[in-house]
Amino acid sequence: MALPSPEEIKAQIEAGVPGATVTVIQNGSPSAQHSLLLDHTHARTVAEFLRDHAEWRLDFCSLVTGVDWPDTETSEKVKVRKLVKAADGTESEQAVDEVRKTKVPGYLEAVYHLFSMEKKHGMVVLRMRTADRGQGTHLPSLTPVWRSAEFQEREAFDLYGIVFDGHPDLRRILMWDGFVDYPMRKDYVPPPDDAPIATEVQS
Amino acid sequence: MADDLKELKIELSKNGIFTTTLEELYNWGRKNSVWPLTFGLACCAIEMIATTMARYDLARFGAEVFRPSPRQADLIIVSGTVTKKMAPQVVRLYNQMPEPKYVIAMGACAISGGPFRDGYNVLKGIDRYIPVDVHIPGCPPRPEALIHAFMTLQKKIEEQSLAGADRPRHLNAALPSEFPVPAFGAHGLEPPANLEVFHDAPGSPFKVIQ
């Protein structure tokens with residue numbers, strides 16, 4: 001049996017897990033792999049619901065990855081009426097173009113790809129988003145639901161700094177323990193260790 | 001050896017008299033019995049393995065005995081990408097080898113970081129920490145290129161003079177045979193390069209910019 005549409009999955013989750021809010025995020029590309037955005041409080045219950053669902057049995061989490069969405073700034077031109085001083089000193093009200101900038105705060109995202117070994121179908125894409133990119137980079141861990149997420153959540157913690165609450169062993173996995181940066185974030189700056197370089201000198 | 005002695009030697013050999021010097025004999029023995037370390041890092045290691053197998057047959061050059069312990073090896077072929085996490089171990093392995101010891105940096109990654117140079121995790125060339133005798137470009141270099149590097153190393157060993165100011169490191173007690181192992185720092189390896197080792201080679205067109 002093939003999986004139903006993401007909207008149908010969302011409806012069944014919200015019926016099966018009281019209080020859960022699921023948002024369908026459309027993927028406009030030809031692959032049309034739409035995903036489900038989960039809220040933090042119910043994420044683990046929703047994950048268990050998907051894993052234990054009699055028809056879907058999404059028992060295999062094949063991939064966990066992090067995505068960094070940096071802070072962005074949008075600017076729009078707005079017409080405003082303003083007092084403008086003319087060259088001869090008289091003031092008059094005129095319509096002036098003004099650029100308004102809005103800061104859109106960024107966030108970190110964890111993406112999970114789910115399949116079913118038993119029913120041989122997939123995939124369902126789950127997403128979770130952190131509050132911001134600074135202090136509030138916490139997400140609930142889904143390792144207690146899918147054991148295969150353990151190392152990949154550690155990797156997302158190592159490279160993006162997403163803290164998975166409830167993870168059994170959250171340590172850095174690729175970089176060493178004393179490392180402090182998150183190298184896959186968009187604003188990562190490599191250390192100036194690269195200063196000495198060997199180049200051919202033209203004579 | 002002085003040129004007139006060389007000429008004399010050739011003249012004698014024309015008349016059926018074979019002569020040699022202790023230096024020549026010693027270096028001839030050394031260059032034909034290099035024992036590399038069984039040590040591979042990435043895809044270059046596959047080419048290194050191919051070089052030792054029947055088709056390319058590194059045994060023709062006396063280097064078929066790959067030793068699994070640095071204590072028994074005198075050549076380390078840095079075959080592949082050196083990550084920052086691996087770099088201290090590579091330096092430590094080199095330190096554990098007995099003198100005389102040689103280094104071949106095989107492939108783009110080992111000599112400069114290669115295609116991964118801008119990565120957060122890749123060391124930009126092993127010559128930042130240990131002295132490299134032969135660099136081979138390529139990604140990965142073919143077995144012929146590794147054999148060429150090996151023959152270059154043999155030539156280098158052959159030409160070493162055993163006395164004098166330019167004698168090799170293993171005959172000069174004043175020169176170090178071990179090099180500091182870099183430490184894991186908060187943002188990268190510390191120090192980022194060992195400037196005792198990473199400097200301009202005399203006569204090389206390549207200059208290190210500080």
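I took buried to mean under 20% relative accessible area, exposed over 50% and partly exposed in between, with a 1.4 Å probe and protein chains only. Helices (H or I, at least four residues) and strands (E, at least two) are DSSP runs, numbered from the N terminus. This is a predicted model, in which local features need pLDDT of at least 70 and side-chain atom pairs count only at pLDDT 80 or more, while totals for chains, interfaces and linings use all residues. Residues are numbered from 1 along each chain as its sequence is written, chains are lettered from A and ligands numbered from 1 in the order in which they are written, and side-chain values use heavy atoms, with hydrogens and water left out.

**Helix α4 of chain B.** I looked up how enclosed α4(B) (residues 87-96) is, and found it largely enclosed by the rest of the structure, because seven of its 10 residues are buried. Among them are B:Val90, B:Val91 and B:Leu93. The buried residues pack against β1 (75-79), β2 (102-106), β4 (183-184) and β5 of chain B, contact meaning heavy atoms within 4.5 Å.

**B:Asn194.** I then turned to B:Asn194, which lies in the loop between β5 (189-190) and β6 (206-209) of chain B. Its relative accessibility is 9%, so B:Asn194 counts as buried. Leaving aside residues up to four places away in sequence, I found B:Asn194 touching B:Arg128, B:Tyr129, B:Phe179 and B:Pro180.

**A helix contact in chain A.** Which residues of α1(A) meet α2(A)? I noted A:Ile9, A:Gln12, A:Ile13 and A:Gly16 in α1(A), which meet A:Val46, A:Phe49 and A:Leu50 in α2(A).
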